[in-house]
Amino acid sequence: MAPILDIKNLYKNYGPVEILKDINVAIEPGDFLVLVGPSGCGKSTLLNCIAGLEPITDGTIHIGGRDMTHVSPKDRDIAMVFQSYALYPTMSVAKNITFGMKVRGVDAATQERKLQEVAGQLQIEQLLHRRPGQLSGGQRQRVAMGRALVRDPKLFLFDEPLSNLDAKLRVEMRTEIKKLHQNLGATMVYVTHDQIEAMTLATKIVVLKGGIVQQIGSPAEIYNRPANLFVADFMGSPAMNLIPARAKPNGTGTQIEISRDGEAPLVLTDTQAPDLPEDVILGLRPEDIAEAGFRAGESVQKAECLIEMVEPAGADTFVVSHLGGKQVTARLHAETSAQSGKTLPLAFDLSKVSYFAPESGDRLN
Amino acid sequence: MTDLVINPTQSRPWGKILLRALLFALLGLFALFYLMPLFVMVTTSLKSLEEIRTGSLIAFPREITFEAWRTAWSGACTGIQCEGLRPYFWNSVVLAIPAVLISTVVGALNGYVIAQWRFRGANLIFSLLLFGCFIPFQVVLLPMARMLGLMGLAGTIPGLIFVHVIYGIGFTTLFFRNYYVTIPQELVKAAKVDGAGFFRIFWSIFLPLSLPIIVVTVIWQFTQIWNDFLFGVSFSQAGTQPVTVALNNIVNSTTGVKEYNVDMAAAIIAALPTLLVYVVAGKYFIRGLTAGSVKG
């Protein structure tokens, strides 16, 4: 199938400042693409470029197979939800939702029918006569989505739509957006700085940093096989443990040696490791370090570690140890017997391990 | 126990009441001070010349007569003609209303463009317009006279309207720009995605939001244009003079006995429209001023 959104070699400069560099992304109909990255990475600019609200310096944007690079926003067959919702303050909710249709000269009967359809879908029928100023944050969010839904566009664009909501409402609305995506089968592009939102919503994630694409892939790929140190550190909470280590090949595999303060170094043997340089950074997610006895398998290696801190978090308990000069967090069961200041046998699951080159930060396995 | 309850309630209200009384006395005194000139003007305008000559300046009129008002309106002499203020008053109305409307509309569009459609050089243009607010009237007199002559508008009311519109644009743009700058840019983006164009966005989204700042601008511009004397005296000729110039002529060109009652009545007539605008739209004035500055 032809991609519904195809961005090729996109560059965006503000004067001499390069905001976006050589962006190449394509998505299929029904995809949910999330652009994620720290603030100032260019993700919102990229979305504005897709919408046509910002002209691009170089490259092409195709939407639905048509070249839209120089087409104005209203002719791109897109709808957009903004961070501040951007509801028209002097219009009622109904007028907000139908404004686009009115501008395009859709007849009144169709406007009314679509309005009722969308209002029913979002459960905002009782709000239609209110002004945006009389709505709560969650209600405004719904109206903003209604304004996008009523257009039935090829592409939905969301610019951090949940960042103005409180934590509880955010989780609710996140689920609702996901439901909407599944029910409509619509194609969506979604900008966020929240990696949990990215993981839960996306079918495809683009991680951006400094205007450069770091990695494109499914949430599982991004989470399990981060392409570099930045992605490894940015995605996941708590972050992936990134431990400096020394690799030495021996007969059966590779010995991974991790130095420890005032103790013999921790030595793990990875039988599956590729050819590694001597200095590597070993990446392991907190959940891939378990209490010995709770995780079994060929590639699980045990070692006694001194626990510095125990942080119960309800469902899990996080324990912090010190390896290779770095804090290392492990996610243990809530009923763990770990105590700070004592040693605990930990199991390292090396089947999930990532290796990175310390200088370039690139993935090695 | 009764002591405990009574003591604080006894001492406190007396002190409070005394303070209040002092406060009101002081405020009343200020009010009287500021109202004094108006009082003198109104009472004098209602007296006959005979009574003015014999009576005290601040005394109430013994006999109220509207003769002076009638003369001021339709009989007082401005030089050779003796038609009163009436024709000049209408000159001012015909001059002020279009000038206020045009400068407000242009200012609103300018402000909208500068605040919401950031184009290259928008800030420079805004700075230059702002600079225009600070150019003294006297500096532009000669070039403006030449311009009006070239345009064939010298000595006409359209010419005066032109001058006031040009001079007002700096201020009206400043007002609207500062008001619109507080409106999030995403609103324009959302409307663009919805398919609305430049004027549609202005008309459907920005104008309905603008009532407070429109009121501020109208009051400001009306007061400026109605009360203007320098442009009026420089760029008009007999028959097209605004009311301020006519008032000056009435007061300064009489020979013989000075008709203070007529002068006072004429001055009040000339000042009434601005007073009216403040009374009608005053509460929006304060609201609009704070809405523009505080919200951002």
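How far apart do the C-alpha centres of domain 1 and domain 2 of chain B lie? In this predicted model, the C-alpha centres of the two domains lie 37 Å apart. Domain 1 of chain B covers 2-69, and domain 2 of chain B covers 86-244 + 259-294. These bounds come from an automatic or database domain assignment.

Residues are numbered from 1 along each chain as its sequence is written, and chains are lettered from A in the order in which they are written. Local features need pLDDT of at least 70, side-chain atom pairs count only at pLDDT 80 or more, and totals for chains, interfaces and linings use all residues, while side-chain values use heavy atoms, with hydrogens and water left out.

The domain contact within chain B was examined first. Ten residues of domain 1 of chain B and nine residues of domain 2 of chain B take part, where contact means heavy atoms within 4.5 Å. The area buried between these domains is about 880 Å². Buried area here is the accessible area (1.4 Å probe) that two parts lose on being put together, summed over both. Carbon and sulfur atoms give 84% of that area. Zero salt bridges are found across this interface (a side-chain nitrogen of Lys or Arg within 4 Å of a carboxyl oxygen of Asp or Glu). One residue pair is in polar contact, with both residues at pLDDT 80 or more. A polar contact is a pair of N or O atoms within 3.5 Å; within protein, one must be able to donate a hydrogen and the other to accept it, and residues adjacent in sequence count only if both atoms are side-chain atoms.

On the domain 1 side of chain B, helices H1 (2-45), H2 (49-54) and H3 (67-74) each supply at least two residues. Helices (H or I, at least four residues) and strands (E, at least two) are DSSP runs, numbered from the N terminus. H1(B) gives the most, with four residues.

The contact between the chains was treated likewise. Here 25 residues of chain A are in contact with 15 residues of chain B. The two chains bury about 1800 Å² between them, 64% of it on carbon and sulfur atoms. One salt bridge is counted between chain A and chain B. B:Asp194 and A:Arg151 form a salt bridge through their side chains, at 3.7 Å from N to O. Strand E6 (78-81) and helix H2 (93-103) of chain A each supply at least two residues of the side that touches chain B. H2(A) gives the most to that side, with four residues.
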